[in-house]
Amino acid sequence: MTVVIVGAGPTGLTLACELSRRGIPCRVLDKAPGLFPGSRGKGLSPRTQEVLDDLGVADAIRSGGMAMPSFRIYAGHEIVAERTLLEMLGTAIPSGPGVPYPGFWLVPQWRTDEILLGRLRELGGDVEFGCEVTGFTQDAHGVTVTVSRGGTVEPIRASYLVGSDGGRSTIRKALGVGFAGETFESERTLIGDVRADGLEGTFCHVLTRDGHVSERFSLWNLPGSDHYQFVANMATEDVPPLTLDSVRNLLVERSGREDVVLRDLRWISLYRVNARMVDRFRVGRVILAGDAAHVHSSAGGQGLNTSVQDAYNVGWKLAAVISGAPEALLDTYEEERMPVAASVLGLSTDLHRRNFAPSNNPAPQLHQMDISYRGGPLAMDDRLSRGELQAGDRAPDAMTQGSVRLFDVLRGTHFTLLTFGDRSPAIAGVRIQQMAPSPDYDVTESTLVLVRPDGYIGVMTESESTVREYLTHVC
């Protein structure tokens, strides 16, 4: 029986690719006539780039984007500062052999969606556009989804239903789960894509009258495109009509610049900042992922990245359960991802309120490589002495004994058992890989490291029986 995925954004497309490459049939439904046309979520974190590498689209993502540009800050016509994203936010990104993508990569969301849809089609899947899900019922054996298509209503029977249909999720509302948090009623964010004449260089151009970024009009260069993404925050009572003339007037008002000419408005949206999260990620056979489960400020660029990683986490688990693994494996999706969503919500809200102002708190970590499931239901570490790297952590990249990049070995749908000495245990259904010494793996030669299909360490042990017992719960 198939899995129905509602929503063809980055979350739904990532999940569809995950299921399709594992041979799990899925139907992706979206009420829109086509893919989202705007640049909206444009910054891919180092961890998300690793996920997309595993999905087989790394080359397309690299060629379709560029390194995150610096911020160029203007006071009227004068350039008063140039700062990197990390300098603006007061954060850093690790580097070294264990980090293959040591920086944010700017790709407009419409292009990320196109790349993922292309990959889905390579895997034999597709998206059914113009299909609106109007309701569903579930029982012990599956979900019946009601779909309206071209004025015709039809039922679709599925084994599971996944709502990845955004912050206004129909699936979440019908499911009736709590969605607690706050809405910043006093402010709005205007965002869209437009051509701009009169700017030089590739930057996030921060236009102001006096150099103070608290009231700004930002124009981001977009790679491989003549369009810029514009962003402007404002009080709710100051929101203008959503027209090109209004955007032009706002630019002049914020910067005093009449030499920067905007034209060809491709897309515009008014964004109400919310900081909300569901109290359950799954109810029976209905699952929520991405913005359908958690919404927050765009500050720090965490939204799309967190959503893609939701799909990456639940994808292999859902496929495993459909293929015969214990259903309790699906419970670990909520147990692992809910704390991550809560942390991201707090981080993005803090960055939003700071509005680029300095902070005395520790610098935020935006790269998402430090996300860990330590102490969780799928992290087993029974060693007497533990090092810095532990079960539940992201498995760093490294070189194998055969001088092959570990991430090339991990790419795919399998579990991988790393060995660091002469041991070569035979464990069914697991790829065995002997490793070269690496500073990122501070383990003894007798240690066995089992890496999950999503690149996280499931087991660190010296016992083969521990690995075999673990696999009975996940396969």
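**View 1. Strand β1 and its two parallel neighbours.** Strand β1 and strand β2 (residues 26-30) run parallel and are joined by 4 bridges. Two strands count as paired if DSSP finds at least two bridges between them. Helices (H or I, at least four residues) and strands (E, at least two) are DSSP runs, numbered from the N terminus. Within this pairing, Val4 has Arg27 of β2 as its bridge partner. To get from β1 to β2 the chain passes through helix α1 (residues 10-20), and this β-α-β crossover is right-handed. Right-handed means that, with the strands pointing away from the viewer, the path from the first strand over the helix to the second runs clockwise. Strand β12 (residues 160-163) also runs parallel to β1, again with 4 bridges, and Leu161 of β12 stands opposite Val4. Both faces of β1 (residues 3-6) are covered: Val3 and Ile5 are buried on one side, Val4 and Val6 on the other. Buried means under 20% relative accessible area, exposed means over 50%, and partly exposed lies in between (1.4 Å probe, protein chains only).

The model is predicted: local features need pLDDT of at least 70, side-chain atom pairs count only at pLDDT 80 or more, and totals for chains, interfaces and linings use all residues. Residues are numbered from 1 along each chain as its sequence is written, and side-chain values use heavy atoms, with hydrogens and water left out.

**View 2. An open sheet of 8 strands.** The strands follow the order β6-β5-β14-β15-β16-β13-β17-β20, and their pairing is mixed. At the edges are β6 (78-83) and β20 (294-295), each of which pairs on one side only. Strands of a sheet pair through backbone hydrogen bonds, either parallel or antiparallel. Strand β13 (residues 179-197) and strand β16 (residues 227-235) pair in the antiparallel sense, over 9 bridges. Leu190 has Ala232 in β16 as its bridge partner.

**View 3. Two residues other than glycine with positive phi.** Asp264 has a phi near 55° and lies in strand β17 (residues 261-278). Its relative accessible area is 36%, so Asp264 is partly exposed. Ser403 has a phi of about 60° and sits in the loop between β21 (380-381) and α10 (406-410). Ser403 counts as exposed because its relative accessibility is 58%.

**View 4. A salt bridge between Asp126 and Arg121.** The side chains of these two residues meet with a distance of 3.0 Å, N to O. A salt bridge is a side-chain nitrogen of Lys or Arg within 4 Å of a carboxyl oxygen of Asp or Glu. Asp126 has a relative accessible area of 38%, so this residue is partly exposed. Arg121 is also partly exposed, at 46%. The whole structure holds 34 salt bridges.

View 5. In the pair Arg282 and Asp331, the closest N and O atoms are 2.4 Å apart. Arg282 belongs to strand β18 (residues 282-283) and Asp331 to helix α9 (residues 331-354), so the pair ties together parts that are 49 residues apart in sequence. Arg282 counts as buried because its relative accessibility is 12%, while Asp331, at 35%, is partly exposed. A salt bridge also forms between Arg452 and Glu336, with the closest N and O atoms 2.8 Å apart. Arg452 is in the loop between β24 (448-451) and β25 (457-461) and Glu336 is in helix α9, so this pair links distant parts of the chain, 116 residues apart. Arg452 and Glu336 are both buried.

View 6. The number of salt bridges between domain 1 and domain 2 is 0.
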